[in-house]
Each structure stands twice: as C-alpha cells, then as structure tokens.
Amino acid sequence: MTNAVKETWGKRCDGALFASDVSNEDTGHFQIPTFSRNGYGYKGMIQRTRAILAYLYDYFLDDFDFFHICGDDVYMIVENMKEFLASEEVKHWENASERYLFAGFWAHWGNMKHGYFYLGGGSGYTISKNGLKAFVEGPLQTCNSYHEGSAEDVWFSDCARLLSNEFINTGDMEGRQRYHQGPIYDPVRYQIFRKSIFHSSGLTGIPCASESNIVSNSSILFHKHYHPFELRRMELLLYGNFDKFAIKECSRENR
C-alpha cells in the first residue's frame with residue numbers, strides 16, 4: 001500500500017514518513033521502535049502512536065507547521081487539506097490562547113455520553129506544530145503511558161483533552177463532512193458514522209446535511225481503501241495524469 005500512497009497523494013505532501021518495525025531506504029520506511037509487548041501488531045497501536053509522535057517531535061518539529069497521523073488505507077486530497085489549514089477558521093483557532101489544533105472526525109457511538117467524542121483514527125487526525133510540542137512535552141509523558149490496545153484514537157483524544165477540551169470542527173458550514181471514516185464510494189457505510197455526524201451537529205449547532213449530500217466539496221480524507229488499485233483509480237479520476245504502467249496495473253488488479 002505504501003507504494004500506492006507514494007505514487008498518489010503522498011507525493012503532494014511536503015513530507016511523508018512511513019513508520020515501521022524495519023527500515024527500508026528503497027520503500028521509505030523508517031524503523032521507529034515501540035515498547036509495546038504487541039510490537040507493531042494491531043493491539044500495539046497505542047504504544048506505536050506514542051513512539052511516532054515522539055519521533056516527529058525529536059526530528060521534524062521545526063520542519064513543518066502541521067502533521068497528519070493516519071494509516072496507509074486512506075486517500076487524502078492534499079490541496080483541500082492545505083486549503084483548510086490555511087483558512088481563517090484555523091488561523092483564528094491557532095491564535096487563541098491555551099488552545100491547540102487537534103482536528104479529525106468527531107466519532108461518537110454506543111453508550112458514550114452525550115457531548116463526548118474522540119477523533120476517529122480511520123481518517124486520522126491533524127496536529128499543529130504547537131499542538132505536537134505541547135502534547136509530547138505534556139500528556140505523552142504521563143497520560144496512560146503504559147496503556148496497550150488498538151484504540152489509539154480514543155487514547156490520543158482523551159490525553160489531548162488534558163491540554164484543551166475544545167477540538168476544531170472539521171465539517172463545513174453546510175453540515176457536510178471533510179474527514180470521512182468510510183471510503184469515497186460509501187462514506188457513511190456504518191450506522192456509527194451516521195450517529196456521529198448527527199451528534200456533532202448537535203454540538204456545533206450546524207444542521208447536518210442529508211446522507212446523500214454528506215460529502216463536502218472541500219473533503220480531505222477518505223478511509224477504508226484497502227487495495228492499491230483504489231488509490232490509483234482515484235488518482236486517475238481526480239488528476240488524469242497517471243503513466244501507462246500505473247493505468248495497466250490498476251486495470252489488472254481490478255479484474
């Protein structure tokens with residue numbers, strides 16, 4: 001999948017890092033050790049995320065204004081991400097005292113109490129430079145430091161609340177979503193996504209759009225794209241500039 005990311009949306013980022021348990025200069029993977037007893041397995045996600053955040057802080061904090069943490073099963077429209085981060089809304093948020101930019105999909109489901117949500121890890125979460133610095137120097141050191149499990153998004157959100165209990169709304173002013181937990185062809189596939197969107201509408205006061213109109217024109221991320229040909233197909237549809245080899249490979253994988 002990482003090859004497909006590099007060939008598609010990854011090349012439009014100002015920088016990209018593929019965290020791994022082994023280094024490979026040819027593929028761009030960096031070995032970032034984790035102290036999890038589960039290694040780089042799914043149940044080691046929390047400790048893996050802690051290690052990645054610390055690594056970004058140690059080596060890249062002063063090189064970028066924003067960081068996005070996600071898996072390789074997403075497709076990002078990088079131009080829309082940059083437009084969102086350059087918006088007056090984000091600038092105003094960043095200029096407020098004692099407030100940090102932690103952005104993502106407001107996930108709420110099951111028996112979660114009203115008003116509570118976490119930044120869904122499917123589409124990932126965006127962190128400002130100041131937010132990364134404050135998080136690593138603060139909560140990363142003390143907040144459930146030895147906790148294990150796969151719900152790294154819940155862990156991150158709960159620990160980020162020790163810095164600020166306010167998270168920026170990533171939907172647009174028409175109640176449509178930018179960070180999608182589902183794939184581009186079915187962004188609200190599961191009931192929990194619909195419940196989350198309805199819940200966030202109640203918190204922001206912005207009426208949620210109809211299910212058939214839930215995708216914002218300025219959408220940024222889509223999740224659950226598990227096959228390389230899906231990323232390459234979207235690249236072709238959006239930009240139409242894929243070379244012949246990539247088009248042939250896309251066709252072959254889709255048979």
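Is Gly202 buried or exposed? Gly202 counts as exposed because its relative accessibility is 55%; the term exposed means over 50% relative accessible area, buried means under 20%, and partly exposed lies in between (1.4 Å probe, protein chains only). The model is a predicted one, in which local features need pLDDT of at least 70 and side-chain atom pairs count only at pLDDT 80 or more, while totals for chains, interfaces and linings use all residues. Residues are numbered from 1 along each chain as its sequence is written, and side-chain values use heavy atoms, with hydrogens and water left out.

Gly202 is found in helix α8. Helices are DSSP runs of H or I with at least four residues, strands are runs of E with at least two, and both are numbered from the N terminus.

Helix α8 has 14 residues, and from its first C-alpha to its last it reaches 20 Å, close to the 20 Å expected at 1.5 Å a residue. The expected span is 1.5 Å times one less than the number of residues in the helix. The buried residues of α8 are Phe193, Ser196, Ile197, His199, Ser200 and Ser201. These buried residues pack against β6 (106-107), where contact means heavy atoms within 4.5 Å. After α8 comes Gly205, with a positive phi near 80 degrees.

Tyr190 lies in the loop between α7 (152-160) and α8 (191-204). Tyr190 counts as partly exposed because its relative accessibility is 37%. Together with Trp109 and Ile192, Tyr190 makes a nonpolar surface patch of about 280 Å². Patches are made of residues with over 30% relative accessible area and no salt bridge; like charges are joined within 9 Å, and nonpolar side chains (Val, Leu, Ile, Met, Phe, Trp, Tyr) within 5 Å. The accessible areas come from the Shrake-Rupley method with a 1.4 Å probe, and for residues only the protein chains shown count as cover.

**Helix α2**

The 16 residues of helix α2 (residues 45-60) should span 22 Å at 1.5 Å a residue, and the end C-alpha atoms of α2 are 21 Å apart, which agrees. The buried residues of α2 include Met45, Ile46, Arg48, Ile52, Leu53, Tyr55 and Leu56.

**The sheet**

Strands of a sheet pair through backbone hydrogen bonds, either parallel or antiparallel. Here three strands form an open sheet in the order β3-β8-β5, with antiparallel pairing. β3 (66-69) and β5 (102-103) are the edge strands, each pairing on one side only. Two strands count as paired if DSSP finds at least two bridges between them. Between β3 and strand β8 (residues 125-128), which run antiparallel, there are four bridges. Ile69 stands opposite Tyr125 in β8.

**Positive phi in loops**

Most residues other than glycine have a negative phi. Glu98 has a positive phi, near 55 degrees, and is found in the loop between α4 (88-95) and β5. Glu98 is exposed, with a relative accessible area of 71%. Asn144 also has a positive phi, of about 45 degrees, although it is not a glycine. Asn144 lies in the loop between α6 (139-142) and α7, and counts as partly exposed at 49% relative accessibility.

**Salt bridges**

A salt bridge is a side-chain nitrogen of Lys or Arg within 4 Å of a carboxyl oxygen of Asp or Glu. By this rule the count comes to 13 salt bridges. The table gives examples.

| Pair | N to O distance |
|---|---|
| Lys11 and Glu235 | 3.7 Å |
| Lys82 and Asp14 | 3.1 Å |
| Glu174 and Arg176 | 3.1 Å |

Lys11 and Glu235 meet in a salt bridge. Lys11 lies in the loop between α1 (2-7) and β1 (18-20) and Glu235 in helix α9 (residues 228-239), so this pair ties together parts that are 224 residues apart in sequence. Lys11 is partly exposed at 47% relative accessibility, whereas Glu235 is buried, with a relative accessible area of 0%.

Lys82 forms a salt bridge with Asp14. Lys82 lies in helix α3 (residues 78-85) and Asp14 in the loop between α1 and β1, so the pair ties together parts that are 68 residues apart in sequence. Lys82 is partly exposed at 39%, and Asp14 is exposed at 63% relative accessible area. Salt bridges that share partners join Lys11, Arg12, Glu79 and Glu235 into one network.
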